[in-house]
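Me: I have a model open and want to learn how to read its features. Can you take me through them one at a time?

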Amino acid sequence: MSAEPLEPSNPRRRPGYRYGRWAGGADPLAPPFDVREALDGIGDDILAGSTPTDALRRLLQRGRDGLSGLDDLRRQLRRRREQLRRSGRLDGTLDQVRELLDQALEAEKRTLFADPDDLARFEEAELDALPSETASAVRALADRQWKSPEAAQKYQEIQDLLRREVLDSQFAGMKNALQNASPEDMQRVRDMMADLNDLLSKHARGEASQADLDQFLDKHGEFFPERPNSIDELIDQLARRAAASQRMMDGLTAEQRAELGDLMDQMLGGDLGLSAEMERLNQQLRAARPDLRWGGDPRMQGQEGLGMGDATSAVAELSDVESLDRQLGQQYAGAGLEDVDEELVQRALGREAVDDLNNLRRIERELSRQGWLQNRNGSLELAPKALRRLGATALKRVFAQLHDGPRGDHDIPDAGAAGELTGSSRTWEFGDTQPLDVVRTVRNAVLRAGPSSSGVRLTVDDFEVVETERRSRAAVALLVDLSYSMELNGTWGPAKSTALALHHLVTTRYPQDSIELIGFSQYARTLRPAELAGLDFDPVQGTNLQHALMLARRHLARHSDAEPILLVVTDGEPTAHLERDGEAVFMWPPMPETLALTLAEVDRATRAGVAINVFMLGEDPRLIDFMTEVARRNGGRIFTSDAENLGEYVVSDFLKRRTAIASGRRR
């Protein structure tokens, strides 16, 4: 809604206002664009194993309720492409010329038949001996002195038709403009072509200005009803049609192409000035727009023959559809919705499709503007608040599967019993399990309220907890297999979702704990949550559990005052290890050295008092044998889980171990 003041009829009165629909761009009072639904759709794909980039691409391809995605737009384009290809044949001009030629010959023969002179018989014989090819016959009749006025008129119609169609294939609408062209009309065409070529040459040298274009259009505007706003726009229009004209010719058979080319040469051959300017124009347009498709069979079909101008228009639209389909496919490096040409969308699919495209662009833009997605070193990542939302979703799904035991609230009856009271207290922090110091908490509220207060109201800042000799803390290392087999077996998505759920649980419910996510394939590496969310499986061979256990031990050693929790998720036995020089060696079946070095890391963890719980995503006998040996040496537990229950198993095991740690027991 907008308001504009009205001129008051009485100067002493305050001006009134007229109200109407807002027309100054985006509604300034509109609520912020809600992209949470779109974000949740992206999150579903990420938890299934996709990267943020792939998940966003799928969202844009699928669209949303009531909003067409890129795939919907491409389906509309395919339907339009088939309609265009079935709109007609490209040889319609040849058919028209053949028909006019037959009419001319028939009229001429009628006239000659009525003439008893022997010369008439000779001319009849000449007509019967004309070449069968249309172009050759037209050329042979170029200098004929027609006896029949009707025949002469039909032959002239061939010349006029070719002139109109050739020019119409270069300039849209020229066919209608030259319907009854006079010599003066053709001279105006020659002048326009010469001035146009001069303008394009000047533009290529960087010397043309807007004033030059305005002057050209003032003089020749009748040939350019669309009236381009710039020289580049003019070039785009002309080059688009010239390229389509070339594709139209390529769509003919070799014989048809030769015949039509011969006819065009005959039409232009008598006008050397026009022919030279046409050739010059095509050369300049090719040089200015080499990126256009200047050749190739458009594979047009259909029953009705199209004239050169109409065929060129159909092929030009078909080229637009094909170009737009590539843009909407987004399959090239650095693709983005900003690359999609709105004018092409408008021309091919209409205004509603443009609105859908703009809404998709808005979703993509708002996800970044509102801080859900961010670009990090050229890659798309979830921002911290999006990670929290995604982790909460993953954890919620896990808790929905838990039917017995803790539900994530980790209520601890003997909270604080892990150490003796020290007699001091401290400010409460989120996640603390120590008992409240009630006296100090109430005292803080009274002091804050002051002596004039009639009551006591507690706030979060008032709470204090009793300090113990040892606060229960845990150091958690989650090792996740990233190898290629995880994708092949369909377990990569559940593994990623489980890792994000556990990370969210630890960071939100147990903030005093420290957790490190470690991914391993040929090598192992620590992963930030955003990096894990944006990670795809590693398309390399190798399961280097040895390296992963080394990184886990370092993390646990840095938090020696905390109780260690080490969890491993894998679907295969170790097949890679690190050599002394740090290079990874892969072999399948695994070398004895790989198994020995991995078990050596297990033994080091055992000596450090770290229990290793392994979640196996598979029942391969070699994997079971190896993990059984790990359990025998380490004392940890081995779980056999399918992908669907992985999150339930891992989170449930963590909660049980975390509860035992808080109560002073080791598991």
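Me: Where is L90 found?
Reply: One caution before we start: this is a predicted model. L90 is found in the loop between helix 3 (70-85) and helix 4 (92-113).

Me: Is L90 buried or exposed?
Reply: The cut-off for buried is under 20% relative accessible area. L90 has 7% relative accessibility, so it counts as buried.

Me: How far apart are L90 and D250, in sequence and in space?
Reply: They are 160 residues apart in sequence. In space, the C-alpha to C-alpha distance is 9.8 Å.

Me: Now salt bridges. What is the general idea, and how many does the structure hold?
Reply: Side chains of opposite charge can pair when their charged atoms come close. This structure holds 46 salt bridges.

Me: Which residue forms a salt bridge with E207?
Reply: R205 does. The closest N and O atoms of E207 and R205 are 3.2 Å apart. E207 counts as partly exposed because its relative accessible area is 45%. R205 has 52%, so it is exposed.

Me: Which side chain meets E322 in a salt bridge?
Reply: That of R247, at 2.9 Å from N to O. This pair links distant parts of the chain. E322 is in helix 14 (residues 308-329), R247 is in helix 11 (residues 231-250), and the two are 75 residues apart.

Me: Are E322 and R247 buried or exposed?
Reply: Both are buried. They also belong to a network of salt bridges, which links E82, R85, R86, R247, R293 and E322.

Me: What about D653: which residue is its salt-bridge partner?
Reply: R637, with the closest N and O atoms 2.3 Å apart. This pair, too, links distant parts of the chain, 16 residues apart. D653 sits in helix 25 (residues 646-662). R637 is in the loop between helix 24 (621-634) and strand 16 (638-640). D653 is buried because its relative accessibility is 3%. R637 reaches 33%, so it counts as partly exposed.

Me: On to strands. How many residues of strand 12 are buried?
Reply: Eight of its eight residues, 563-570, are buried. Take the strand face by face. One side carries E563, I565, L567 and V569. The other carries P564, L566, V568 and T570. Both faces are covered.

Me: Which strands run parallel to strand 12?
Reply: Strand 9 (residues 474-481) pairs with strand 12 in the parallel sense, over seven bridges. There, A474 stands opposite E563. Strand 15 (residues 612-616) also runs parallel to strand 12, joined by five bridges. On that side, V569 stands opposite F615.

Me: Surface patches next. Which residues gather in a patch of negative charge?
Reply: E579, D581, E583 and E593 do, on the surface. Look at E579. It lies in the loop between strand 13 (576-578) and strand 14 (584-586). Its relative accessibility is 32%, so E579 counts as partly exposed.

Me: Which residues form a nonpolar patch on the surface?
Reply: L436, V438, V442, V446, V456 and L458. Together they have about 490 Å² of accessible area. One of them, V442, is found in helix 18 (residues 438-449). V442 is partly exposed because its relative accessible area is 37%.

Me: Last topic: backbone geometry. What should I expect of phi and of peptide bonds?
Reply: Most residues other than glycine have a negative phi, and most peptide bonds are trans. Now for the cases that depart from this. R227 has a positive phi of about 45° although it is not a glycine. R227 is found in the loop between helix 10 (210-220) and helix 11. With 40% relative accessibility, R227 counts as partly exposed.

Me: What is the phi of R299, and where is this residue found?
Reply: Its phi is positive, about 55°, and R299 is not a glycine either. R299 is found in the loop between helix 13 (272-288) and helix 14. R299 has 51% relative accessibility, so it counts as exposed.

Me: Is the peptide bond from W588 to P589 cis or trans?
Reply: It is cis, with omega near -5°. P589 lies in the loop between strand 14 and helix 23 (592-607).

Note on methods:
Residues numbered from 1 in each chain as written. Predicted model: local features only at pLDDT ≥ 70, side-chain atom pairs only at ≥ 80, totals over all residues. Heavy atoms only, no water. Patch = residues over 30% accessible without salt bridge, like charges linked within 9 Å, V, L, I, M, F, W, Y side chains within 5 Å. Areas by Shrake-Rupley, 256 points an atom, 1.4 Å probe, with all protein chains shown as cover. Salt bridge = Lys/Arg side-chain N within 4 Å of Asp/Glu carboxyl O. Lys, Arg positive; Asp, Glu negative; His and termini not counted. Charge placed at Lys NZ, Arg CZ, Asp CG, Glu CD. Helix = DSSP H or I, 4+ residues; strand = E, 2+ residues; numbered from the N terminus. Buried < 20%, exposed > 50% of the residue type's maximum accessible area, 1.4 Å probe, protein only. Pairing = 2+ DSSP bridges.
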